[in-house]
Each structure stands twice: as C-alpha cells, then as structure tokens.
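Please consult the sequence and structure shown below alongside the text.

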Amino acid sequence: MLSASPAVQAANPSLRFGLALRVAITAALVLSALAAEASSNAWPAPPRPVASVGLAPRGMLFAPSSATAGNPVVEEDSDEQFRAQAEAEVLRRLGVAARRDDLRLWLPVAKGRPVVLDSQRSDPADPAASSIDFRLDGLSPDGQFYVVRATLTAGSELLWISRADGTRYEMHGNVNPSPDGRYLVVTHASPGVEFNGVVLWSLEDGRLVERYRFQPTTDQTAISFRFMRWRDADTVELAQFAEVDATTCDLGTLSSTALLSRKAERWILRSASGQHCDR
C-alpha cells in the first residue's frame with residue numbers, strides 16, 4: 001500500500017489522525033513486550049519471616065551453651081504457653097530491666113555482666129536429650145534477688161539470683177522467711193531424683209549463707225518434711241512424715257511434729273510430738 005506524501009498528509013486531517021494512531025499503537029506494543037521480559041527476569045520476592053513465639057519447654061537442669069534456634073508452634077493451653085504468659089505478666093508488673101529474648105532470659109545485675117539463662121527445647125528425635133525451661137517468677141520479698149524457676153523433666157528447681165552480683169543459690173523449694181527477715185527455711189519432699197530435706201539460710205550483707213541442711217541417707221527410713229510456720233524468729237515448726245510398712249500403718253505413713261530451733265549459733269532439728277498413723 002502506498003503512503004501519502006507529507007504534503008498530502010498535511011492537507012488531509014484524516015490522514016494525519018490515522019498516522020498518529022498507528023504510531024501510538026506500535027509504541028504501546030513495544031513497551032508491553034519490554035515489561036513482560038523484565039518481569040520474567042526479576043528475582044522472586046524473599047519470603048516473609050515467621051514471627052517468634054518466645055516459648056521454651058520443661059526439662060532436666062543443666063548448663064546449655066546457647067539458646068536453641070527456631071521456635072516450634074506451642075499448643076494452646078499447654079504448660080509451655082501458661083508459663084510464658086505468667087512470665088510476661090511478671091515482667092510487665094515488675095518494671096525491671098530483665099527481659100526475654102526468644103529462649104534466652106536476661107537478668108541485669110548491679111556489678112558485672114548480666115546473668116544469661118538459656119532454655120533449650122526437647123528434641124523429639126532424641127528422647128534422651130536434655131531440655132530446660134527458665135522462667136522469672138518475680139523478686140524476693142526484700143527485692144534483692146531474682147526468683148527463677150527451672151522446670152525439669154521430673155519436677156523443678158528454684159533459683160535465687162543476687163541482683164547485686166549474679167550469685168546463684170539453689171533453693172530447691174518454696175522459701176519461707178522468718179518474721180524478722182534474717183533467715184529463710186526451705187523444705188522439699190521428693191522420693192525421686194530431686195532434693196529431699198530441709199535447708200536453712202541466713203541473709204548476711206546481701207548474701208545467703210547456708211546454716212543448716214538435713215537430707216536423709218539412703219539407708220534411713222524415707223523421711224520428708226513440710227513447712228508449717230515460724231513459731232518465732234528462732235523456731236520453725238515442721239510436719240514430719242516417715243514411710244513405714246503397711247503392717248505398721250494402713251496408709252504406710254507415720255506423721256509427727258518437728259522443730260528446727262536456733263541454739264546460740266547452731267540450729268538443731270528434733271521431734272516435738274509422738275508419731276501417729278495417717279488416716
């Protein structure tokens with residue numbers, strides 16, 4: 001097809017409009033092809049990171065070297081979720097500089113580096129592998145210690161950690177301070193691998209000093225204690241239990257009262273009542 005000469009195009013408006021329309025269509029097709037080629041050669045968008053849930057499970061007490069990478073989804077209403085929510089409330093309420101970073105708990109101290117406690121998840125592929133869950137329970141009544149619970153496979157361990165220098169004390173169970181705050185007594189009953197017995201600490205210049213400890217030996221009749229009350233600043237009343245044969249007691253337990261008392265600089269544990277069978 002012969003195209004019109006420039007002079008003819010200039011004299012004929014219809015020819016000018018048709019030429020402009022063909023040029024516009026050709027340019028649009030070229031730009032569309034270039035865009036399609038650029039799109040096919042572009043790198044794919046990186047995947048969005050998965051949000052951390054910041055939870056850690058129970059396990060045996062040990063000293064892991066670092067936090068475990070990754071955070072599997074935690075089941076709703078599980079023990080792990082309950083402990084995580086309870087700790088989050090403690091951190092919010094206390095308003096201290098302690099913080100949770102994934103599986104790691106940071107506890108700042110006045111002197112020295114922060115105390116770092118790394119939780120580690122159990123390995124489903126290795127049931128024998130150790131795991132542990134550190135959670136901040138709060139502060140001691142006088143505010144001088146962090147109270148941290150380490151959840152174990154067969155129980156738990158309670159740690160008091162000095163906010164002054166990071167010294168750690170294994171308390172084994174719930175702590176019961178004396179009326180004047182000078183002493184702390186802990187009782188824990190465990191027939192298994194956990195601590196079983198009585199421990200008494202004195203608080204001296206921001207440090208805890210162990211003043212008394214009783215643990216039944218393996219050849220003794222199984223004995224355990226439960227804290228009842230402080231009678232005064234120097235006397236603790238305890239419930240004492242002894243496992244016996246069913247021919248002695250139907251339920252297999254003899255109960256009595258015991259007293260842990262301070263005599264000068266010594267503490268003495270003694271029975272304070274007759275034994276009777278539990279009913």
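## Disulfide

Cys249 and Cys277 form a disulfide, with their sulfur atoms 1.9 Å apart; the term denotes a pair of cysteine sulfur atoms within 2.5 Å. Cys249 lies in the loop between β13 (235–243) and β14 (253–263), and Cys277 lies in strand β16 (residues 276–277), so the pair ties together parts that are 28 residues apart in sequence. Helices (H or I, at least four residues) and strands (E, at least two) are DSSP runs, numbered from the N terminus.

The torsion about the S-S bond of Cys249 and Cys277 is about -75 degrees, so the disulfide is left-handed. Cys249 counts as buried because its relative accessibility is 1%, whereas Cys277, at 29%, counts as partly exposed. Buried means under 20% relative accessible area, exposed over 50%, and partly exposed in between (1.4 Å probe, protein chains only).

## Basis of the model

The model is predicted: local features need pLDDT of at least 70, side-chain atom pairs count only at pLDDT 80 or more, and totals for chains, interfaces and linings use all residues. Residues are numbered from 1 along each chain as its sequence is written, and side-chain values use heavy atoms, with hydrogens and water left out.

## Nonpolar cores

A nonpolar core is a set of buried Ala, Val, Leu, Ile, Met, Phe, Trp, Tyr and Cys residues joined through side-chain atoms within 4.5 Å. The largest has 18 residues, of which Leu107, Leu117, Leu136, Val148 and Ile161 touch the most other members. At least two residues of this core come from each of α3 (79–94), β2 (104–107), β3 (115–118), β4 (133–139), β5 (145–152) and β6 (155–162). The largest share, four residues, is supplied by β5. Apart from this core lies another, of 14 residues, among them Val198, Leu200, Tyr212 and Leu260.

## Surroundings of Phe227

Phe227 is placed in strand β12 (residues 223–232). Not counting residues up to four places away in sequence, Phe227 touches Asn176, Val185, Thr187, Val236, Glu237 and Leu238; contact means heavy atoms within 4.5 Å. Phe227 and Thr187 are 40 residues apart in sequence and 6.1 Å apart in space, C-alpha to C-alpha.

## Confidence

The protein chain averages a pLDDT of 77, and 71% of the residues score at least 70; pLDDT is the predictor's confidence in each residue, from 0 to 100. Over residues 27–73 pLDDT stays under 50, and the model has 79 contacts beyond four places in sequence for them. Where pLDDT is low, the predicted coordinates should not be read in detail.
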